[in-house]
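The sequence and the structure come first.

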Amino acid sequence: MASLFYFLTFLASVVLSLIYLFEWHKHFEVNITIIFTLIPIANLGYLFAWNAKNVESYILATKIIYIGGCFLIFFINMCVFRLCGVNVKRWVRTMLFLICLLIYVSVLTIGYFPIFYKKLFFQRNGDKLIIAKTYGPMHTVFYIVIGAFFLCGIFVLIHALVNKRQISNTVIQLLLLPEALSIIGYLGSNVIAKHMDFAPLIYNFAQITFLLIIRRMSLYNIDDTVVDSMVQTGDTGYISIDFKHIYLGSNETAKDIIPELRELRVDQSIDYTEALKDNISHWIRHFENDSDVTKNLYVKRDPENEENDQIYSVNINYLYTGAKKKGYQIFLEDDTKNQKYIALMDKYNEELEDEVQEKTNRIIEMHNNLILSMAVVVESRDNSTGGHVKRTSDGVKILMHEIMKDNKFNLSEEFCKDIIKAAPMHDLGKIAVDDAILRKPGRFTDEEFEKMKMHAAEGAKIVHEILKDTDDESFKVIAENVAHYHHERIDGSGYPEGLKGDDIPLEARIMAIADVYDALVSKRVYKESMPFDKADAIIMEGMGKQFDKKLEEYYVKARPKLEEYYSNNT
């Protein structure tokens, strides 16, 4: 009867271990795997011990039993610590294992030295087995170590049950059973004598408990279940590359997305694979240069129909084994719908921006034409022969072209465009001057000239009102300055403010040269046009007095183009 009991418990332990093997997953706690390995060994020892024919075979069976006896409590506790989130330092784990190993070494001395057993009496009478033992000092150490392990395990489980919210209470409660069953098994395994030792049966119950634990544990391990679910669905491709750019492997989804992976051998460098240089190698190089660049896009082209192109989002991160970085992990997910939607929205926004820009340009053009029309209207009241507005604008453009060649003034392209656009507005203030003065064919009296000088300040007010709602603040300032200060002189004798030197805005200093040059070489009702050389002499004489000396070199360079322009337009 006892022999059948030990055989059945051994058989049950093997079957339960096979069930565990069937359920096994690479993410299972390694300590549980060792437990399922040790229990059948220990139960086999019990079977051999009961069927031993002599003391030598019994001692050998006892040594097999203690493989489980010495090490099971260690691995059960390590499992408890891991599942309860208690981090046991490596040196502590090593020390505890060495203690268990030391005890087992003392077990191996049975029959040779009185360290674990001092004496052992063995007698078999048919089916009856009589065993008597006298324990040595290491057996006492064995019980002390078992008790210490048990108390630590119970303490950790109770602490986790009370304080750990991220650990399943069901798993913790189930873990209490192996701890309790183990200690019961140890306390009940004194000798195999008249009565059967129930330790093998208790081990079977411990196995059943751990099978229940792994089922619950696999559900609560979010990292593993998420990864497994993603792999099983087949929507995400995975590629692993080490730090030397050696290909470690990929799943089928990745091979479907990048067919060249099917031709790539594991342990082959991706750097020497031409087909992967523009994708995998490219992504990894970018990640190595800047680990913040973790996202890319990969387009799988359909040679027959562009509409069927597939777009994948590519995410790169480090490949970890435990807490150590070992390489790179590439994730590929189908992002076609999202990317096509983004492309559609970009196209729509681009078209909308183009349409808005086109309408804005029309408004700006209308605005500029309106200003130009006002300038022409004002000009028609003047005593010039017409064309002054256009000619001075072109004169400013010619001067600006020369100024920008070396750009010693550090002018922006925007400034240059704005001053050319503002030039027609320089005389808008003349609309406030009386016709009798404005159209007088001869020289002004002092009183008339004072009234005439008012057009500069009035022009600035008019420009300010016209442009007060514009978003282009830079243009507004330049246009006001051109209207307000184009009659100021470098020596301070100009009007309306009598500004001097660099206090006069640069745009007004440039406008002054173009304005005076046009007045000299153009025909008016009260005078004929002046020859270029004579006009040039007057301009050059005014450098440093009326005009900015720093602009002289640009005027000199622009003079041939100015003369050519006026020869063709007057």
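## Cavities

Two cavities of 30 Å³ or more turn up in a search of the whole structure. A cavity is a set of points on a 1 Å grid over the protein atoms alone where a 1.4 Å probe fits but cannot get out; its volume is the space filled by probe spheres set on the points, which are joined across faces, edges and corners. The model is predicted: local features need pLDDT of at least 70 and side-chain atom pairs count only at pLDDT 80 or more, while totals for chains, interfaces and linings use all residues. Residues are numbered from 1 along each chain as its sequence is written, and side-chain values use heavy atoms, with hydrogens and water left out.

The second largest cavity has a volume of about 40 Å³. Its lining residues (those with an atom within 4 Å of a point) are Y485, E488, I490, I504, A508, R509, A512, Q546, F547 and D548. By class, six of the lining residues are nonpolar, one is polar and three are charged; Ala, Val, Leu, Ile, Met, Phe, Trp, Tyr, Cys and Pro count as nonpolar, Asp, Glu, Lys and Arg as charged, and the others, Gly among them, as polar. Helix α17 (residues 506–521) gives the largest share of this lining, three residues. Helices here are DSSP runs of H or I with at least four residues, strands are runs of E with at least two, and both are numbered from the N terminus.

Q546 belongs to the loop between α18 (532–542) and α19 (552–569). With a relative accessible area of 23%, Q546 is partly exposed; buried means under 20%, exposed over 50%, and partly exposed in between (1.4 Å probe, protein chains only). Q546 and E488 are 58 residues apart along the chain, and their C-alpha atoms are separated by 7.8 Å.

## Backbone features

Y495 and P496 are joined by a cis peptide bond with omega about 10°. P496 sits in the loop between α16 (473–485) and α17.

Two residues other than glycine have a positive phi: H245, near 65°, and N410, near 55°. H245 is in the loop between β3 (236–242) and β4 (247–250) and is buried, at 10% relative accessible area. N410 lies in the loop between α12 (388–406) and α13 (413–422) and is exposed, at 67%.

## Aromatic contacts

The whole structure holds 29 aromatic pairs, a pair being rings of Phe, Tyr or Trp (its six-membered ring) with centres within 6.5 Å; planes under 30 degrees apart count as stacked, over 60 as edge-to-face and the rest as tilted. One aromatic cluster is formed by Y66, F116, Y117, Y135, F142 and Y143.

Two lysines lie over ring faces: K325 over Y318, at 4.1 Å from the ring centre, and K421 over F475, at 4.3 Å. The criterion is NZ of Lys or CZ of Arg within 6 Å of the ring centre and within 35 degrees of the ring normal.

## Helix α5

Helix α5 (residues 137–163) has 27 residues and reaches 39 Å from its first C-alpha to its last, close to the 39 Å expected at 1.5 Å a residue. The expected span is 1.5 Å times one less than the number of residues.

Buried residues in α5 are M138, H139, F142, V145, I146, F149, G153, V156, L157 and A160. An α-helix has 3.6 residues a turn, so residues three or four places apart point the same way. F142, buried in α5, is also a member of the aromatic cluster.

Note on methods. 1 Å grid on protein atoms, 1.4 Å probe; cavity = no way out; pocket = protein on both sides within 12 Å on 5 of 7 lines; lining within 4 Å.
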